[in-house]
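Here are some notes to read beside the model. Please keep the viewer open as you go through the points.

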Amino acid sequence: MPRFAPSRPLSDPQLVDASADASPRRRHSRREATPEALANPLTQLVFPSWARADEKSPGAADPQKFAAEAFFAAGAGLALLDRVFRENPPFAGALRQRLALRAAGASAKILRLREDEGDLRDTEHLGLAGADPGRAGRLHRLWRALSLRPARLDGEVFARVLLLLDAPPTLDAKSLGASVGEAIAKDRPPLLAAALAAARVAEALPPEMRAEAEVLALWAADCALAKSLGWERPVALLATRILAPSLRRGASGKRPRPGDRQWPEILAAAAALAACDAHALAIELARRSERLLAAAPKLRAKGAARVIELLLADDAVSPARAAKTTALSDRAARRLFDRLLELGAVRELSGRPSFRLYGL
């Protein structure tokens, strides 16, 4: 299977042009080698139309047809997305954290919080170190942490997650972990294991925590799905599309929830939509990461390689964070991002003249 060439450290002299007195011939050969070194097979991937889930109508009139189409589209989409994550591209961190932001935005809507994705991004990347990010900010951190460690659904993990959701201390995290662990321990198909894990989480939390239970259930379902698929780390998928209008069922347009009669089919349909979106985002980030890596030899700042690593690993980076983790001053960090913008290697994400954030 082809892999990305830039698995070398970004401080590699072939990626950072540190010799200003190199001969013209050597500089020319280096520029010619760079596009080949950055050749990226993921930019050539296409999500076929036959694998896309239908979003035009709110569910199929025939439940059996809806279920068959949902599981087929989900299987096809996850197989295509599996290729992306098994490649372990340089931008995998940015992809995971941008999906986490989308999941956090959807979770905030489920909990009827007013913060949108822009607010969540600002809180995470511009907030004071050690300060409480608030309820919505803790939601964002819940999803950001999802992809930072291997998929685990034991009592210790649930104890930390319940704390982020402000759950009462009387909840038995150990029993919850055991129940969910049993659901995914058997040889069940990945989507069914994820659906059962979500249903058991939703059942375990008290009625007054219905919204929090739904968020936690979606989080657990993503963990169970990643574990069943053999992914190194989970990915925030299901929450990003669980609010899609096409998933509402019946004449009343009721939104599906874990444990409902058609929950496995609804989860499969959400996975199909999410896989398609995540695949499109991966292709976009693959192209943007190519431009960023191609710009590396043009950067003269001493901390440029580290800043590029930060941009590839996260959804957004502030100049203050770049300065803190490198030898750059605040002013030099801002100039570096201005240069990256000039080269078309990054985007400014906040839309503000100050307190700006940058990313792929």
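1. At what angle do the axes of H11 and helix H12 (residues 304-313) cross, and within what distance do they come? The model is a predicted one. In it, the two axes cross at roughly 175° and come within 11 Å. H11 is therefore roughly antiparallel to H12, since an angle over 145 degrees counts as such. On the H11 side, the contact uses Ser289, Leu292 and Leu293. H12 supplies Ile308, Leu311 and Leu312. By class, that gives five nonpolar residues, one polar and no charged.

2. Overall make-up. The chain has 14 helices and two strands. Of its 360 residues, 50% are buried. Take the contacts with a separation of 6 or more: 70% of them join residues 24 or more positions apart.

3. Helices H3 and H5. H3 covers residues 92-110 and H5 covers residues 134-146. Their axes come within 8 Å and cross at roughly 140°. The two helices are therefore oblique to each other. Their crossing is right-handed. From H3, the contact takes in Gln97, Ala100, Leu101, Ala103, Ala104, Ser107 and Ala108. From H5 come Leu139, His140, Trp143 and Arg144. Seven of the contact residues are nonpolar, three are polar and one is charged.

4. Helices H4 and H5. H4 spans residues 117-126. The H4 and H5 axes are 9 Å apart, at an angle of about 80°. That makes H4 roughly perpendicular to H5. Leu120, Arg121, Thr123, Glu124 and His125 of H4 meet Ala136, Gly137, His140, Arg141 and Arg144 of H5. This contact has two nonpolar, four polar and four charged residues.

5. The nonpolar core. Which residues have the most contacts inside the largest nonpolar core? They are Trp143, Phe158, Leu216 and Trp219. The core holds 105 residues. Helix H11 (residues 263-295) gives the largest share, with 19 residues. In soluble globular proteins, nonpolar side chains tend to be buried together.

6. Phenylalanine 158. Set aside neighbours within four places in sequence. Phe158 is then in contact with Leu153, Ala173, Leu176, Gly177, Val180, Val201, Leu216, Trp219 and Ala220. Two of these partners, Leu216 and Trp219, are named with Phe158 among the core residues with the most contacts.

7. Alanine 197. Is alanine 197 buried or exposed? Its relative accessibility is 0%, so alanine 197 counts as buried. The residue lies in helix H8 (residues 190-204). Beyond four places in sequence, alanine 197 is in contact with Val180, Ala183, Ile184, Ala220 and Ala224. Alanine 220 is 23 residues away along the chain, with a C-alpha separation of 6.4 Å from alanine 197. Val180 and Ala220 are also partners of phenylalanine 158.

8. Alanine 53. Where is alanine 53 found? This residue is in the loop between helix H1 (24-37) and helix H2 (63-87). Alanine 53 is partly exposed, because its relative accessible area is 27%. Not counting residues up to four places away, alanine 53 touches Ala73, Ala272 and Leu273.

Definitions and conventions
Residues are numbered from 1 along each chain as its sequence is written. Side-chain values use heavy atoms; hydrogens and water are left out. Axes are lines fitted to C-alpha atoms, for helices over the stretch in contact, and angles run from 0 to 180 degrees between N-to-C directions. Helices (H or I, at least four residues) and strands (E, at least two) are DSSP runs, numbered from the N terminus. Angles under 35 degrees count as roughly parallel, over 145 as roughly antiparallel, 65 to 115 as roughly perpendicular and the rest as oblique. A crossing is left-handed if the near helix is turned anticlockwise from the far one by less than a right angle, and right-handed if clockwise. Contact means heavy atoms within 4.5 Å. Ala, Val, Leu, Ile, Met, Phe, Trp, Tyr, Cys and Pro count as nonpolar, Asp, Glu, Lys and Arg as charged, and the others, Gly among them, as polar. A nonpolar core is a set of buried Ala, Val, Leu, Ile, Met, Phe, Trp, Tyr and Cys residues joined through side-chain atoms within 4.5 Å. Buried means under 20% relative accessible area, exposed over 50%, partly exposed in between (1.4 Å probe, protein chains only).
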